[in-house]
Amino acid sequence: MSLPEDYKEFLRLKNGFVVKSPDFCELEYEGVDDGVIAFYALFGINMKNPNHYIFRQNEDFLSELDFIDDK
């Protein structure tokens, strides 16, 4: 599995991003049921908080997305 090039560049520049206040963010996206995607972090590499470490998240949760092609 490989990450999209634009996300790799983001990781090189910022190594992730965590929303501190109000503790999540909503982005409008018509491709989902409610029209918004809520998130609190864009995961990085070797993060201090293991919950923000992209490879750990993939190991823990990727199997739950088996219904999505090319995840």
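Is aspartate 23 buried, partly exposed or exposed, and what is its relative accessible area? The structure is a predicted model, in which local features need pLDDT of at least 70, side-chain atom pairs count only at pLDDT 80 or more, and totals for chains, interfaces and linings use all residues. Residues are numbered from 1 along each chain as its sequence is written, and side-chain values use heavy atoms, with hydrogens and water left out.

Aspartate 23 is partly exposed, at a relative accessible area of 46%; buried means under 20%, exposed over 50%, and partly exposed in between (1.4 Å probe, protein chains only). Aspartate 23 belongs to the loop between S1 and S2, strands being DSSP runs of E of at least two residues and helices runs of H or I of at least four, numbered from the N terminus. Its phi is positive, near 95 degrees, in a residue other than glycine. The loop between strand S1 (17–18) and S2 also holds proline 22, which is joined to serine 21 by a cis peptide bond with omega of about 15 degrees.

A positive phi, about 55 degrees, also occurs at asparagine 46, which is not a glycine. Asparagine 46 lies in the loop between strand S4 (41–42) and helix H2 (54–61). With a relative accessible area of 63%, asparagine 46 is exposed.

Tyrosine 29 is located in the loop between strand S2 (25–28) and strand S3 (36–39). Because its relative accessibility is 44%, tyrosine 29 counts as partly exposed.
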